[in-house]
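Have a look at the model first.

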Amino acid sequence: MIRALVLLSALPLAAAAGGAIAQPSSRAHMEACTEWKPEGGHIGTRNDCNRPVAIKFMDQDGGNVREADVPPGGWFDSQVVQGTIQGYYFTVCPVGYRPSVPFTLENATAIVDSLYNCLPIGKPDV
């Protein structure tokens with residue numbers, strides 16, 4: 001009986017300790033909710049997700065970087081005219097999250113290959 005009391009009294013402490021160190025987890029990217037195409041002559045995409053997304057866009061030379069939060073059904077306009085650049089990179093995360101790799105030309109391969117998750121804003125890179 002004494003052993004049972006000790007175990008039961010330790011449960012709230014274990015739960016409190018677990019809650020103190022628990023951090024928000026990463027999320028999968030949301031690229032599947034986007035289909036990039038020109039609209040109005042500009043490269044862009046519609047958010048076909050059922051939640052807002054944070055999109056980062058960069059042309060192949062890194063000269064044009066654009067970021068925006070896009071509501072469901074909203075359009076992301078890169079403000080880049082179709083045919084004026086050779087290629088581009090992008091990431092799509094839930095709003096409040098960012099790519100797990102820095103959004104730089106040095107990470108272009110990981111970004112193009114979709115080898116990133118989305119981390120809560122403020123969490124260190126992995």
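Let's start with a charge over a ring: R66 lies over the face of F76, 5.7 Å from the ring centre. That label applies if NZ of Lys or CZ of Arg is within 6 Å of the ring centre and within 35 degrees of the ring normal. Keep in mind that this is a predicted model, where local features need pLDDT of at least 70, side-chain atom pairs count only at pLDDT 80 or more, and totals for chains, interfaces and linings use all residues. Residues are numbered from 1 along each chain as its sequence is written, and side-chain values use heavy atoms, with hydrogens and water left out.

**Ring pairs**
- Searching the whole structure turns up seven aromatic pairs; Phe, Tyr and Trp rings (for Trp, the six-membered one) pair if their centres lie within 6.5 Å, with planes under 30 degrees apart counted as stacked, over 60 as edge-to-face and the rest as tilted.
- W36 and F57 are stacked, because their ring centres are 5.8 Å apart and their planes are at 25 degrees.
- W36 sits in strand 2 (residues 36-39) and F57 in strand 4 (residues 53-59), so this pair links distant parts of the chain, 21 residues apart; strands are DSSP runs of E, at least two residues, numbered from the N terminus.
- F57 also forms a tilted pair with F76, at 6.3 Å centre to centre and 45 degrees between the planes.
- F76 belongs to strand 6 (residues 75-81), so its pair with F57 in strand 4 ties together parts 19 residues apart in sequence.

**Burial and cluster**
- W36 and F57 are both buried (under 20% relative accessible area, with a 1.4 Å probe and protein chains only).
- F57 has a relative accessible area of 0%, and F76 is buried at 1%.
- One aromatic cluster is formed by W36, F57, F76, Y88 and F90.

Conventions: Helix = DSSP H or I, 4+ residues; strand = E, 2+ residues; numbered from the N terminus. Buried < 20%, exposed > 50% of the residue type's maximum accessible area, 1.4 Å probe, protein only.
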